[in-house]
Amino acid sequence: MRDMAPDTSLAMAEAPSATPPILATRALCYEAGGKRRIDTVTLSIHARRRTMIMGANGAGKSVLLRLMHGLLKPTQGAVLWHGQSQSAVARGAQAMVFQRPIMLRRSARANLKFALGARGIRGAACAEQAEQGLAMANLSDIAHSPARLLSSGEQQRLAVARALICKPELLFLDEPTSSLDPASTQMIEDLVNAAHAQGVTIVMVTHDLGQARRMGDDVIFLHAGQVAESGRLSDVLSQPRAPSTRAWLQGRLYTDATL
Amino acid sequence: MPSFLDILTEALGLILSWERALSEIVILSLRVTLTAVVISCVLGLPLGAMVGAFRFPGRGLLTVILNALMGLPPVVVGLMVYLTLSASGPMGALQLLYTPAAMIIAQTILVTPIVAALTKQVVEDLHGEYAEQFASFGLTARDRIAALLWDARYSLLTVALAGFGRAVAEVGAVLIVGGNINHVTRMMTTTIALETSKGNLELALALGLLLLGIAVIVNASVMALRASAVRATYA
Amino acid sequence: MLRRHIFSLTASALLALALPGATAAQDQFIVVQSTTSTQNSGLFEQILPLFQDQTDIEVRVVAVGTGQAIKNAMNGDGDVLFVHAKAAEEAFVAEGHGVERFDVMYNDFVIVGPPSDPAGVAGTRDVVAALTKIAEVQAPFASRGDDSGTHKAELRLWKEVGIDAQAASGGWYRETGSGMGATLNTGAGMGAYILTDRATWIAYGNKGDYQIVVEGDPKMFNQYGIILVNPEKHPTVKAEAGQAFIDWVLSEAGQQAIADYMIEGKQLFFPNAGG
């Protein structure tokens, strides 16, 4: 049996909130190298919720995240931010943490200050928020250390703090803990959850079902560039309807090659 | 003809008996070359960073031109600058011909493409790493360039050194636009050429060794600075 | 911090660019387009300080081949032309580039060669006979080949010999395309005969076992002339200071200074202004 488009719209109808979405996509398509990586994706991200994006390798999770954040331009379709088309202003209210932290060749503190400066925050406010970020990431003691000499766990904490001190409305995370040990993973999750508690909307790509269960409010399952199924995480996990989701949950689906 | 060893011995003696005339020549050489390198960096670093970091129409052509200009023969540059600064040239009124300024202009033209082309390479690699994060930050083009240049600063020291190497060893262009005038535009390389043509091979070689020594000192100090700075703040 | 350093470094470098030459103490200077032979012989270092002490006019000498010196002066890049190619100098004045030409001094050309003397011309006085022999045995001959005064003189001599030496260029006749000293260096390296002015030869520091083989022929007379570049054609020419230099060179004091210049007890140039 194949996924059906109505499945997708049905999932949309189950949206967990009546309020308008903070971010939505409309029939989003993205092609690269002659291949359709994202195929007619329509979805909504709701404010103050933690949405997990899941799916097999190659399903298009990272591409979708980049399209939503505006790092990639859709071939067709649109990304809407508060109902308006995505713009530079919109991106200013968003932040992103990458799978492998991108650290400037500067100290930990300078990395934070650079991000603040990019948002126009300078002077005393910048210094103060940078210290808050260091404290948040538990890196105050090594604020002077070159960021690229920190451990990978420390670097990712710094990356999350760097994203959060700019006080985004929405934080994208692309498998932020995939290469970290359990203790470091725990610290990242704590940071993200604390941000969520303060009202930041979270959209996170993860492979880790345990992590999704710990953190997710909603989930979007991607399969072959399309939304296979979406809704409340607990509902989807307990009663997966799409065959690809079932297969993935049973550990039978690692790539989008078959099915 | 004296043997190479004889010449070498005498050359060392000449360096040791450091004369005022020699120091004047060395100081002028460094002044002209370092000024040209600094100006070339002011022009070439942002230009190279721009070409390295951004996609724009004509970028490929600009890259080809920069790379081609790296191989510009100094004599050709000297002639171009001579024709421009000559009393009957378009900028003759400035009266810069046969002055150190003319030599600085010629060397700047020689060195800027090197700085720009090498900077492009360095910045392109770095930008490949940073691009997504910068886009996420929503950086302006100007801020991107500044951040890339700053983060590549230690690699760019090597770029500046390459420019210095080309300028300090250059003789064809400065000879034409400077005129090798005693006490005014006589540099180390033009003196070496002059003394060689006078058959004073010992003095020419002495100056050559001195030039080599200065180049080694400049390179060594910059690389030492780079090594310690890299250890301390950069990885 | 480092940013500020870079800024101040840039600022001081630009300042250095704007400042005049560190040793150009005098307010006034003239540019003399001259030849490598006068410069390489060391004559200017002897006579210029005397003039500068007297007048506070700094003389900046650009020493290139006579051909290039004349072209530079035609572009107005110089106040005084001081070279040795009488015909070309007279043409320069006739075309209006120069005001008037004056004889200053002379020396003579000599032919130097290796001790093995493959053409057997050592001791010859007759330059035409010597060149004929060199061409006959096809002994290597190094020519300036740079349109300089010496080169023009050499071509004039070949013309008298009636041999088209340039037809053998690349064979036994070798054009170096460079200055006198460089041609001596190159020519000696390949055991060639070389026509050189006597002053350069005496002052030349890398003679090795080379020696003069042909000298004393009146045909090898080498006359130097001096010309003020025409200020009517080139308004930037410093006519007054340039004329002051010419007047001094032609004066008794200037002529004496030229006569006084000796290396190893040998007089290099013979003043003949007004003669």
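**Strands, helices and chain contacts**

Modeller: C:Gln33 stands opposite C:Leu81 in strand 3 of chain C. This is a predicted model, in which local features need pLDDT of at least 70 and side-chain atom pairs count only at pLDDT 80 or more, while totals for chains, interfaces and linings use all residues. Residues are numbered from 1 along each chain as its sequence is written; chains are lettered from A, and ligands numbered from 1, in the order in which they are written.

Biologist: What makes strand 1 of chain C and strand 3 of chain C a pair, and in which sense do they pair?

Modeller: Strands (E, at least two residues) and helices (H or I, at least four) are DSSP runs numbered from the N terminus, and two strands pair if DSSP finds at least two bridges between them. Strand 1 (residues 28–35) and strand 3 of chain C have 3 bridges in the parallel sense, so they pair. Strand 3 of chain C also runs antiparallel to strand 9 (residues 221–229) of chain C, with 4 bridges, and there C:Val80 stands opposite C:Leu228.

Biologist: Which residues of strand 3 of chain C point one way, and which the other way?

Modeller: C:Val80 and C:Phe82 point one way, C:Leu81 and C:Val83 the other, and all are buried. In a regular strand, side chains alternate between the two faces of the sheet.

Biologist: How do you know that strand 1 of chain A and strand 2 of chain A are joined, and by how many bridges?

Modeller: Strand 1 (residues 23–32) and strand 2 (residues 35–45) of chain A run antiparallel with 7 bridges, and A:Leu23 stands opposite A:Ile45. They form a hairpin with 2 residues between them, where A:Gly33 in the turn has a positive phi of about 60°. Strand 1 of chain A is also joined by 5 bridges to strand 4 (residues 76–81), again running antiparallel; A:Arg26 has A:Ala78 as its bridge partner there.

Biologist: What makes A:His196 buried, exposed or partly exposed?

Modeller: A residue is buried if 20 or more other C-beta atoms, placed from the backbone, lie within 10 Å of its own, exposed if 12 or fewer, and partly exposed in between. A:His196 has 17 such neighbours, so A:His196 counts as partly exposed. A:His196 lies in helix 7 (residues 182–197) of chain A. Leaving out residues up to four places away in sequence, A:His196 touches A:Arg50 and A:Ile202; touching, or contact, needs C-beta atoms, placed from the backbone, within 7 Å.

Biologist: Why is chain A called as compact as a globular protein of that length?

Modeller: The secondary structure of chain A comes to 10 helices and 10 strands. Its radius of gyration, taken over C-alpha atoms, is set against the globule rule, 2.2 Å times the number of residues to the power 0.38. The radius is 18 Å and the rule gives 18 Å for 259 residues, so chain A is as compact as a globular protein of that length. Of those 259 residues, 47% count as buried.

Biologist: What makes helix 8 of chain C mostly covered?

Modeller: Of the 10 residues of helix 8 (residues 180–189), 8 are buried, among them C:Met180 and C:Leu184. The cover includes helix 9 of chain B, together with elements of chain C such as helix 7 (149–161) and strand 7 (193–197). C:Gly191, with a positive phi near 65°, follows helix 8 of chain C.

Biologist: Which pair of chains has the most contacts?

Modeller: Among the 2 pairs of chains that touch, chains B and C have the most. There 31 residues of chain B are in contact with 30 residues of chain C. Helix 2 of chain B gives the largest share of the chain B side, 7 residues. That side has 14 nonpolar, 14 polar and 3 charged residues; Ala, Val, Leu, Ile, Met, Phe, Trp, Tyr, Cys and Pro count as nonpolar, Asp, Glu, Lys and Arg as charged, and the others, Gly among them, as polar.

Biologist: How do you know that chain A and chain C are not joined?

Modeller: No contact joins chain A and chain C, and their closest C-alpha atoms lie 14 Å apart.
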